[in-house]
Amino acid sequence: MSKPTLLLVDDEERILRSLRMLFFTGYNVRMTTDANEAIRILKEERIHVIVSDQRMPIMLGAELLRIAREISPCTMRILLTGYSDLDASIACVNEGEVFRYLLKPWSGEEVKQVVADAAAIALATFANERSPYTAAMLQQKARILVLDSDESTVHAVREVLRDSAEVIWAGNLQHATEVLSQVDIAVLVADVMLDGKNISYMLKTVKQQYPKTQSMVVTSFKDTSHLIDLINQAQIARYLPKPLRKNILGRNLEYLIERFRAVCTVPLLQTRHSVAPISDPKEQAQAHGLMDLLNRLRLHRATA
Amino acid sequence: MHAARLIGKDIPSLTIALDPIPSHLPLEELADLFRHPAYAEVLSIPVVDDGKPVGMISRHRFTDIYLKRYGRELYGKQPVGNFANKSPLTVAYEQPLAEAAQHITGNMQLPLTEDFIITRNGKYLGIGFVMDLIKAMEMQMRADTEALDQAYSRLKSSQTALVQSEKMASLGQMVAGVAHEINTPLGYVQNNVTIGNELFGHVQNMFASYETLVDKMLDGQSSAEEVSAQIQQIAEMRAALSVNEMLGEMRGLMEDSLYGIGQISELVLNLKNFSRMDSAATDTVSLHDCIASALNIGRNILKNKVEIVRQFGDIPAIKCAPSQLNQVFLNLFTNAAQAIADHGRITIKTWHVNDAVHIEVADTGKGIPAENIARIFDPFFTTKAIGEGTGLGLSITYQIIQQHGGDIRVTSRVGEGTCFHIRLPASAAHHDAQLLAA
Ligand SMILES: Nc1ncnc2c1ncn2[C@@H]1O[C@H](COP(=O)(O)OP(=O)(O)OP(=O)(O)O)[C@@H](O)[C@H]1O
Ligand SMILES: [Mg+2]
């Protein structure tokens, strides 16, 4: 029988016992308070979903999830933490590549739903018998869209990519929206702060509308709760603090271009980055506006 | 020169209403005037025409002329105006003292041979003595210095207040840390209760089904089919949910929940005790309680990292401001934890000698380099990154210990660790509640 297997890791065993009850039926549940034990389990057993705490004695959750990604790339990774600090959240994006970042105390319904979604995705990807992102390359030039009013960002991107990709620069939302409606974008590089305004909703909308597009946030804006929302609702693939370091930028851009190609070849992989709905009402309204604009532009293009 | 007079802090108080002379007055008349009691004290006499000062003639200048060969014969009949200094030192009646003093000292000739003229709206009003002006200025300066001193000490005490409020801010951070700490037990307690609630619903249904079955079997009216249908229904329910097993689990979860609630209440209680900001409140308490409270509040930064070794002696309860001493211990523990890179130990020792209680907090952290030791109690001295330390912890600690009539000392070895030693008077230590309210 193919019940998905869930691995719960937390240094407080009462958390483990409590969580286990949520998954009493429908799952095989493995649990441990010891991160090293978790690593051993990941090596020896097929784990569909891992849910880890962040603050633990031997290693941080983000670190454990990074290791999980190496050992078992198909396992879906979820962080469940009572501490929301920025460094942890950044590590969760860049290293842990987590599917969701959840906070304690949690809502039972939400956790159940998230784990169920993750389990379904994992079952499908494991069944696909292919490790993610090693799909054959499409030998087509990738397009990168840089959305940042600060021109130095696009310069940096052009410099590191040379002519291995086509780099388009949009200094404002209107322009970016036009580009998105017209061509396929492999990687969207954006600052969440555009001329002093937070454009998280843009990233969230893009992921909803163009799930293949990988987004990289480059910013000096520091806000943990915004970042957590970007993880859950935009599945941003990378978060690089400004000022940008060229080698890191280059490495990550190449990785994301590859990931885009993999997702194009194996559409199933898209589901691994499916997003939670936008939670903030104001952002919902903004996202609606943006979607309207996108639709109109697409229609316009179709009729032209 | 002249008798001591009351000198004020402004030009009016320096003004001497001296009768001036007109410029046409023959020079020789000055000889009598300078000897006249009304002019006995002055260095110079103002020359005024139509109320307007036109010059100043000094004793010095006068004798100079008379000492010249035939000076008296040659010049005696000539008008004073010809010999007077046509641009005498002049200040206005309304001029601020400091400004006047600056003008006079900047322009006066040495040796000093003339006084200065005081005018009001351009009209002659009187003269003033340069020495008076300087004296007034000096007095003013002394007063200013005093005011400066006062302002300084006011500033210092308001800085103390500031320091305290900064500490409040970092207490705020601590509270945020504790809030996070609460999230763990809150997480499982809430979840357990939710699950329990759901399970309760299942159990109720199950129970109702059993009751129906029993009723059907006992009432003698139900058919065998009805009874077996009921049994079937129960069997299905049992297959769908292993209620029995879940009930067994639930027991454990209930115990966990009680434990978690205990944890939460302990944290909240500690937080309440800790942040009692009527910080002057004094009480007779055991320092061991203060230490326990600080350890509890600081758990967030200590756990997983620091082993606490308690070597508690038999110490008497002392009269003190507990919330302030809590803060002292928390500061020391925080510093120690921050000085420990990976894992380490904090040893807390207490003992009692005669009239004093001693507390030692020793860590196995990185130690304090000799060049910093003298500065660690200074406000705003910190070696920590922005956001990690404000450099106020130890200065507040120091202040609190002092207010308790005690002292605090430090010994440290780089690479080995640091030890803070506090001595507090055991009896009658506590003086003035007022003092502590700072
Ligand atoms: N136990 C210790 N081990 C090593 N260094 C210490 C220790 N305690 C204090 N220091 C040094 O003394 C400095 C001043 O300490 P203090 O507690 O006043 O400020 P802080 O810890 O830097 O900031 P704050 O307490 O306001 O968060 C520290 O920055 C650190 O360099
Ligand atoms: Mg400190």
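A:Pro243 sits in the loop that runs between β12 (238-241) and α10 of chain A. A:Pro105 is placed in the loop between β5 (100-103) and α5 (108-127) of chain A.

The model is predicted, so local features need pLDDT of at least 70 and side-chain atom pairs count only at pLDDT 80 or more, while totals for chains, interfaces and linings use all residues; side-chain values use heavy atoms, with hydrogens and water left out. Residues are numbered from 1 along each chain as its sequence is written, and chains are lettered from A and ligands numbered from 1 in the order in which they are written.

Chain A contains 11 helices and 12 strands. Of its 304 residues, 55% are buried. Buried means under 20% relative accessible area, exposed means over 50%, and partly exposed lies in between (1.4 Å probe, protein chains only). The accessible surface of chain A is about 12,900 Å², and carbon and sulfur atoms hold 49% of that surface. Such areas come from the Shrake-Rupley method with a 1.4 Å probe; for residues, only the protein chains shown count as cover. Contacts (heavy atoms within 4.5 Å) were also sorted by separation in sequence. Among those in chain A between residues at least 6 apart, 68% join residues at least 24 apart.

Helix α8 (residues 200-209) of chain A is largely enclosed by the rest of the structure, because 8 of its 10 residues are buried. The buried residues of α8(A) are A:Ser200, A:Tyr201, A:Met202, A:Leu203, A:Lys204, A:Thr205, A:Val206 and A:Lys207. Helix α10 (residues 246-265) of chain A holds A:Glu254. This glutamate counts as partly exposed, at 47% relative accessibility. A:Glu254 and A:Val160 are 94 residues apart along the chain, yet 9.5 Å separates their C-alpha atoms.

Chain B has its own enclosed helix. In α12 (residues 393-403) of chain B, 8 of the 11 residues are buried, so the helix is largely enclosed by the rest of the structure. These residues are B:Gly393, B:Leu394, B:Ser395, B:Ile396, B:Thr397, B:Ile400, B:Ile401 and B:Gln403. Just after α12(B) comes B:Gly405, with a positive phi of about 75 degrees.

B:Asp50 has a phi of about 50 degrees. B:Asp50 belongs to the loop between β1 (44-49) and β2 (52-58) of chain B. With a relative accessible area of 74%, B:Asp50 is exposed. B:Asn121 also takes a positive phi, near 50 degrees. The loop between β4 (116-120) and β5 (123-128) of chain B contains B:Asn121. B:Asn121 is exposed, at a relative accessible area of 71%.

Strand β4 of chain B includes B:Thr119. B:Thr119 is buried, and its relative accessible area is 9%. Leaving aside residues up to four places away in sequence, B:Thr119 touches B:Pro53, B:Thr90, B:Val91, B:Ala92, B:Tyr93, B:Tyr124 and B:Leu125.

The two chains meet at an interface. The size of an interface is often given as the accessible area lost when the parts come together. Buried area is that loss (1.4 Å probe), summed over both parts. Chains B and A bury about 2,100 Å² between them, with 54% of it on carbon and sulfur atoms. Chain B brings 23 residues to the contact, and chain A brings 23 residues.

Across the interface there are 4 salt bridges. A salt bridge is a side-chain nitrogen of Lys or Arg within 4 Å of a carboxyl oxygen of Asp or Glu. B:Glu249 forms a salt bridge with A:Arg20, and their closest N and O atoms are 2.9 Å apart. A polar contact is a pair of N or O atoms within 3.5 Å; within protein, one must be able to donate a hydrogen and the other to accept it, and residues adjacent in sequence count only if both atoms are side-chain atoms. The interface has 10 residue pairs in polar contact, both residues at pLDDT 80 or more. On the side of chain B that touches chain A, α5 (130-218) and α7 (243-274) of chain B each supply at least two residues. The largest share, 12 residues, comes from α5(B). By class, this side of chain B has 7 nonpolar, 10 polar and 6 charged residues. Nonpolar covers Ala, Val, Leu, Ile, Met, Phe, Trp, Tyr, Cys and Pro; charged covers Asp, Glu, Lys and Arg; the others, Gly among them, count as polar.

Conventions
Buried area = accessible area lost by both parts, 1.4 Å probe. Helix = DSSP H or I, 4+ residues; strand = E, 2+ residues; numbered from the N terminus.
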